[in-house]
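This briefing goes through one protein model by topic. Look at the sequence and the structure first, then read the points below.

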Amino acid sequence: MDLTTYAELAVLLVNGADRLEGIAGLRLLLGESGRGARAARATRADLEAMRALRAELLAVFESADAGDEDDAVARLNALLIRHPVHPQISGHDGQRWHLHLNEDGGIADQYAVGCVMGLAALVTDLGVDRLGLCDAAPCRRAFLDTSSNRSRRYCSERCASRANVAAYRARKRRVAV
Ligand SMILES: [Zn+2]
Ligand SMILES: [Zn+2]
């Protein structure tokens, strides 16, 4: 199991503020994250817990993006303590035996464990500077930089080309003056 893939859960949640406006949105987000099975049981308390988790994960990305690696790691360590892993071997749906990180706990707890283990694996494998926030103002969506030369600055192709167009126009303005 490649734990770093779980870090995508953190990105999905940090960028999913609009999904956390109500239970319907939360169910959508859980479906998108491959956790749709439990979505029907999502409650208002789960929604509150997911909002709180989102704020904590955003703070990790903000610290990493600002180059404050110690703070990002301290925040991740605090999350690791609050959301301990209870691994279980599972073989549902005819799949071969594989690890699930958490079977117990509420929706947000399970989600948190996936995010936090994923981020912990990613920053120890690749580095804290692999967590970023989009440079194309005012976007600031989170992303994981898995490029070979740590060159990623934008959340998406769309933001990258928007930023390129803006930079081109700025250059042209300077030339015109
Ligand atoms: Zn499974
Ligand atoms: Zn962006």
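In which loop does P138 lie? P138 is in the loop between β3 and β4. The model is a predicted one, in which local features need pLDDT of at least 70 and side-chain atom pairs count only at pLDDT 80 or more, while totals for chains, interfaces and linings use all residues. Residues are numbered from 1 along each chain as its sequence is written, chains are lettered from A and ligands numbered from 1 in the order in which they are written, and side-chain values use heavy atoms, with hydrogens and water left out.

**Overall build**

- The protein chain has 6 helices and 4 strands; helices (H or I, at least four residues) and strands (E, at least two) are DSSP runs, numbered from the N terminus.
- Read from the N terminus, the order of these elements is α-α-α-α-β-β-α-β-β-α.
- A box of roughly 65 × 35 × 35 Å, taken along the principal axes, holds the C-alpha atoms of the protein chain.
- The protein chain has 177 residues, and 40% of them count as buried. Buried means under 20% relative accessible area, exposed means over 50%, and partly exposed lies in between (1.4 Å probe, protein chains only).
- Among the contacts in the protein chain with a separation of 6 or more, 51% join residues 24 or more positions apart; a contact means heavy atoms within 4.5 Å.

**Surface and charge**

- The protein chain has an accessible surface of about 10,100 Å², and carbon and sulfur atoms account for 52% of that surface. Accessible areas come from the Shrake-Rupley method with a 1.4 Å probe, and for residues only the protein chains shown count as cover.
- The protein chain has 24 positive and 23 negative charges, and their mean positions are 9 Å apart. Lys and Arg count as positive and Asp and Glu as negative, whereas His and the chain ends are not counted. The place of a charge is taken as NZ of Lys, CZ of Arg, CG of Asp or CD of Glu.

**The zinc ion (ligand 2)**

- Its protein donors are C134 (SG), C139 (SG), C155 (SG) and C159 (SG), lying 2.3 Å from the ion. Donors are N, O and S atoms within 2.8 Å of the metal (3.2 Å for Na, K and Ca); water is not among the atoms, so sites may look incomplete.
- Along the sequence, these donor residues follow the spacing C-x4-C-x15-C-x3-C.
- The site of the zinc ion (ligand 2) is tetrahedral, with angles of 107 to 117° among its 4 donor atoms. Four donors count as tetrahedral if all angles lie between 85 and 135 degrees.
- C139 lies in the loop between β3 (131-133) and β4 (142-144), and C159 lies in helix α6 (residues 157-176), so this pair ties together parts that are 20 residues apart in sequence.
- C139 is partly exposed, at 21% relative accessible area, whereas C159 is buried, at 4%.

**The zinc ion (ligand 1)**

- The protein donors of this ion are H92 (NE2), H98 (NE2) and H100 (NE2), at 1.9 to 2.0 Å from it.
- Their spacing along the chain is H-x5-H-x1-H.
- H92 is partly exposed, with a relative accessibility of 31%.
- S90, in strand β1, is in contact with R96, W97, H98 and H100, leaving aside its neighbours within four places in sequence.
- S90 counts as buried, at 14% relative accessibility.

**Backbone details**

- The peptide bond from A137 to P138 is cis, with omega near 0°.
- D93 is not a glycine, yet it has a positive phi of about 55°. D93 is in the loop between β1 (88-90) and β2 (98-100) and is exposed, with a relative accessible area of 70%.
- R150 is also a residue other than glycine with a positive phi, here near 50°. R150 sits in the loop between β4 and α6 and is partly exposed, at 42% relative accessible area.

**Positions apart in sequence**

- T4 is in the segment before α1 (7-14) and counts as buried, at 16% relative accessibility.
- Leaving aside neighbours within four places in sequence, T4 is in contact with G118, A121, L122 and D125.
- From C-alpha to C-alpha, T4 and F143 are 13 Å apart in space, and they are 139 residues apart in sequence.
- A37, in the loop between α2 (23-32) and α3 (44-65), counts as exposed at 76% relative accessibility.
- A37 and A136 are 99 residues apart in sequence and 35 Å apart in space, C-alpha to C-alpha.

How values were computed: Tetrahedral: all angles 85-135°; square planar, octahedral: opposite > 155°, others 65-115°.
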